[in-house]
Amino acid sequence: MEALAHAHLNLRSSNLSADNQHIGAPLIRSPFVSSNQKFGTIWKVRMAAQSGVDVKHEEPAIKPGSIGKAVVVGAGPAGCVMSLYLLRRGFHVHVFERRSMIDESKLKGDPRSYPILMTKRGIKAIEAAGLELPSSLMKRQVGNCTHLPNGKKMKVDYYSGPGIQSSIASRNGLVAFLQQSLLERDSENLSLYFGWEISTIEDTTSTAKFFRNQKYTNEVENNVDGKTKLDEIEVEFDLLIGADGVSSKVRSELLRLDEIYSSTRDNPKKSQIKLDFIENPRMYKSFYIRPSLAKESAFIVDHDRVQSWRTLNMMLINVADGSFWGGTLNEELISASSPEDVKRIFRDKAPDVLDLLLRENPLFAEEFCRQSSMKGGGAVTLSKFHHKNIVLIGDAAHAMFPTYGTGCNVALDDCFIFDNILRELTPSELHMISCGRKLPSVKSKLRSTTRISSFIA
């Protein structure tokens, strides 16, 4: 078997070479480097979500890149916002994402770009990172509208009060906005790697290995001599943030390392990290209605409500661009083996929806049968969110079933809380954290905030 090409990036070095600075250029997909090589091809992608966005540039409290090297695994909402905070706190940030970057082609007409319910806590975390969510991305929601079998509607308003507001955002649109905002913030101290997946982490050396995810790196990428293609990267870090979702590989590595650490340390009474994972057995399929057709439909009357059909366990949501996103958990519909069965089930329980879907796509039933059903995530409970200088946030630390509609907001709130911890620390204390050492005085000071204490030993 041909040996993996290997690149070792010493992220503790305070001075990167001129060639190495290309790693932070906007945008890099799957960069690679060795000690005497330049980086490969750079792709620049125009992001539709960025038009008219006012990005606030806040001056960092500490000299950029002076604290140490932070590795963030995952470039979803939490990973991007956490990276913005870390840049502001003086870290040189390296972000690894196993998928490709969200580009314009994935912002429209993608039925799997599911809507995310955004509440005050999530919006607050984004704004505290220096960003303002564009109105073109957010669609206010005032409540639910249930379509009953007798043709009537049952409407329930969300609770509203001072400063309380719920909005819907396309997940892909939100990620595209955050990824592009991240690129625009600090190219000198930011390095992005798309199409790279984490393999192993070693806590004794603070190193992590990443391998090329072939599914998301179709382009042939060579170094400057046009011959060598690197398939593995090893990096050193001062702080590693796992923001890689409910199926987190960072969490798996953290549990492995904690088990080794607990079995070899002098104090046997110190319990190791406990994980409780409940996989969601429900599967779902989704569909899409373009804006022009959605505007003409009868369902546009309740455009500011999440519309549902209980008999189909189905919902229809109008997002900011005017399109409708729909999804169903109905087992009979998901497992339908023929287009005729799909049409029969829809016609019996939601005929108006079927008519709209066939206007959108006459082959809807055939394509719905071929569509692969998607998992509904899972619930994760951990007794502790960190091991030495490795920290989990978001779904990697405490996932919940997506039907609760709060997972993204809680993940973003994690970033806000962790940034509060960093704000309390002096540069010397930050250095102690990067070395995996405890800070008793700071720990005591922050214990007053229950949520923050989850991040501290």
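1. Phenylalanine 364 is buried, with a relative accessible area of 8%; buried means under 20% relative accessible area, exposed over 50% and partly exposed in between, with a 1.4 Å probe and protein chains only. The model is a predicted one, in which local features need pLDDT of at least 70 and side-chain atom pairs count only at pLDDT 80 or more, while totals for chains, interfaces and linings use all residues. Residues are numbered from 1 along each chain as its sequence is written, and side-chain values use heavy atoms, with hydrogens and water left out.

2. Phenylalanine 364 makes an edge-to-face aromatic pair with phenylalanine 287, at 6.2 Å centre to centre and 85° between the planes. Rings of Phe, Tyr and Trp (its six-membered ring) pair if their centres lie within 6.5 Å; planes under 30 degrees apart count as stacked, over 60 as edge-to-face and the rest as tilted. Phenylalanine 287 belongs to strand β15 (residues 283-289) and phenylalanine 364 to helix α9 (residues 364-370), so the pair ties together parts 77 residues apart in sequence. Helices (H or I, at least four residues) and strands (E, at least two) are DSSP runs, numbered from the N terminus. Phenylalanine 287 is buried too, with a relative accessible area of 4%.

3. Lysine 285 lies over the face of phenylalanine 368, at 5.1 Å from the ring centre. A charge sits over a ring if NZ of Lys or CZ of Arg is within 6 Å of the ring centre and within 35 degrees of the ring normal. Elsewhere, the charged end of lysine 124 sits over the ring of phenylalanine 416, 4.3 Å from its centre.

4. Strand β15 is mostly covered, with six of its seven residues buried. Five bridges join β15 to strand β18 (residues 324-328), and the two run antiparallel; two strands pair if DSSP finds at least two bridges between them. Phenylalanine 287 has glycine 326 as its bridge partner in β18. β15 also pairs with strand β19 (residues 374-375), in the antiparallel sense over two bridges. There, tyrosine 284 has methionine 374 as its bridge partner.

5. Which residues of helix α8 (residues 351-360) are buried? They are Val353, Leu354, Leu356, Leu357 and Glu360. Seen down the axis of α8, the buried residues fall within an arc of 165°, so they line one face of the helix; the arc is that of the directions from the helix axis to the C-beta atoms. An α-helix has 3.6 residues a turn, so residues three or four places apart point the same way. The buried residues of α8 pack against β15, α5 (291-296), β16 (305-309), β17 (314-318), α7 (339-349) and α9, where contact means heavy atoms within 4.5 Å.

6. Six strands make an open sheet of mixed pairing, in the order β9-β3-β2-β13-β22-β21. Its edge strands, β9 (190-194) and β21, each pair on one side only. β3 and β9 pair in the parallel sense over five bridges, and valine 93 stands opposite leucine 190 in β9. Histidine 386 is placed in β21 (residues 386-387) and is buried, with a relative accessible area of 8%. Histidine 386 and leucine 240 are 146 residues apart in sequence but 9.8 Å apart in space, C-alpha to C-alpha.

7. Helix α1 (residues 77-88) lies across β2 (68-73), β3, β9 and β13 (239-242), running at about 165° to β3. Helix α3 (residues 171-185) lies across β3 and β9, at about 145° to β9. Axes are lines fitted to C-alpha atoms, for helices over the stretch in contact, and angles run from 0 to 180 degrees between N-to-C directions.

8. Three strands form an open antiparallel sheet in the order β4-β8-β5. β4 (115-118) and β5 (138-141) are at the edges with a single partner strand each, so one side of each is left without a neighbour in the sheet. Direction ignored, neighbouring strands of this sheet are turned by 35° against each other on average. β4 and β8 (residues 166-170) pair over four bridges, and isoleucine 116 has alanine 169 as its bridge partner in β8. Helix α3 packs on this sheet, touching β4 and β8, and its direction makes about 80° with that of β8.

9. By the ring rule above, the count of aromatic pairs comes to eight. One of them, phenylalanine 96 with phenylalanine 210, is stacked, at 3.7 Å centre to centre and 10° between the planes. Phenylalanine 96 lies in strand β3 (residues 91-97) and phenylalanine 210 in strand β11 (residues 207-212), so the pair ties together parts 114 residues apart in sequence. Both phenylalanine 96 and phenylalanine 210 are buried.
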